[in-house]
Amino acid sequence: LGAISACTGGCQKSTGRLQEAAESAKATVSGRLGALAGGGREGAILSAIAIGDRSGIDRLTKQDFRASGAMHLIALSGLHIGVLYIFMSLTLGVLGRSRPARYARKLMILTLLWAYAFVTGMSKSILRAVIMISVYEAGELAGSSRDLARALAISAFLTTLYDPDAPFMIGFQLSYGAMAAIHWLYPRIKGLLQCRSALMEKLWSTLSVSLACQAATAPLVWLYFGSFPRYFMVTNIVAIPLTSAAMYLAPLALITENLPLAGDFLSTALQMTLKALLAVIHIIADL
């Protein structure tokens, strides 16, 4: 399909009503998120982190994120879907561990992930990640085991079936390169070091994922952009937890927005987390 598309030059796709509705929803949610974070740089960063709206980020902030190797934090990717997936899995864990409860939890998670994809304006990177998780979870719903390699293959095929130009896009190559590295390379890197402390185990797992992803994507980044972030490991260790915290706090702050104590507390915590993220990125970018 990709080869045929390359030969024919591809086809022009028209914007349908669903896409227009998604873009409208994205603009509405972006405005609410910006106000929730107090506007300014924090509001712009929250809109970018949460739903991929980078229109409000100033040039200097973008330079800091690019220099520190943190552009993937403000560009919607599988990382965001992964954070939301974990958040929803933990939140819906109250349903219990019975078989019907597990099935109900998975169906609710998939429904919410597709709703999130809609709110982000049907971003291609988010659609790729949601399709991947949907295929991954469908295996267990259908009674078979979950297989990441199978999910990667099927989702890549479905994405290419919908858009034959997709394999030629840098986002597609980076996304599937990173996920393939997590599946095949990450376990081997992690197995090189055995940690006795739970904290060190968590830290080494984070570093192993980062190393695996960078090993797969660095050649592509160098090929397309001619640069490579020197402090990507520092960035991932510090900035990813702050980004995850912001993504956890944002929906909670939205839900409790009109509650006097909880709303104010969560909104303040969210703003402080975003300020810390911006400060960390700026420090790393200046190294």
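Student: Hi! Let me start with R32: buried, partly exposed or exposed?

Tutor: R32 counts as partly exposed, because its relative accessibility is 44%. Keep in mind that we are looking at a predicted model.

Student: Noted. Which side chain does R32 meet in a salt bridge?

Tutor: That would be E257, with 2.7 Å from N to O.

Student: And where do R32 and E257 lie?

Tutor: R32 sits in helix α2 (residues 17-36), while E257 is in the loop between α12 (232-255) and α13 (260-285).

Student: Nice. How accessible is E257?

Tutor: Its relative accessibility is 34%, so E257 counts as partly exposed.

Student: How many salt bridges does the structure hold?

Tutor: Five. The R32 and E257 pair is one of them.

Student: What about D163, buried or exposed?

Tutor: D163 counts as buried, because its relative accessibility is 6% and the cut-off for buried is under 20%. K124 is partly exposed, with a relative accessible area of 48%.

Student: Okay, on to K190. Which residue meets its side chain in a salt bridge?

Tutor: E201, at 2.4 Å from N to O. K190 lies in helix α10 (residues 186-190) and E201 in helix α11 (residues 198-225), so this bridge ties together parts 11 residues apart in sequence.

Student: And how accessible are K190 and E201?

Tutor: K190 is partly exposed at 22% relative accessibility. E201 is also partly exposed, with a relative accessible area of 26%.

Student: Change of topic: where does S68 lie?

Tutor: In the loop between α4 (59-67) and α5 (78-91).

Student: A loop residue, then. Is S68 buried or exposed?

Tutor: S68 is buried: its relative accessible area is 1%.

Student: What does S68 touch, leaving out residues up to four places away in sequence?

Tutor: It touches P229, Y231, F232, T235, I281, I284 and A285.

Notes. Residues numbered from 1 in each chain as written. Predicted model: local features only at pLDDT ≥ 70, side-chain atom pairs only at ≥ 80, totals over all residues. Heavy atoms only, no water. Helix = DSSP H or I, 4+ residues; strand = E, 2+ residues; numbered from the N terminus. Buried < 20%, exposed > 50% of the residue type's maximum accessible area, 1.4 Å probe, protein only. Contact = heavy atoms within 4.5 Å. Salt bridge = Lys/Arg side-chain N within 4 Å of Asp/Glu carboxyl O.
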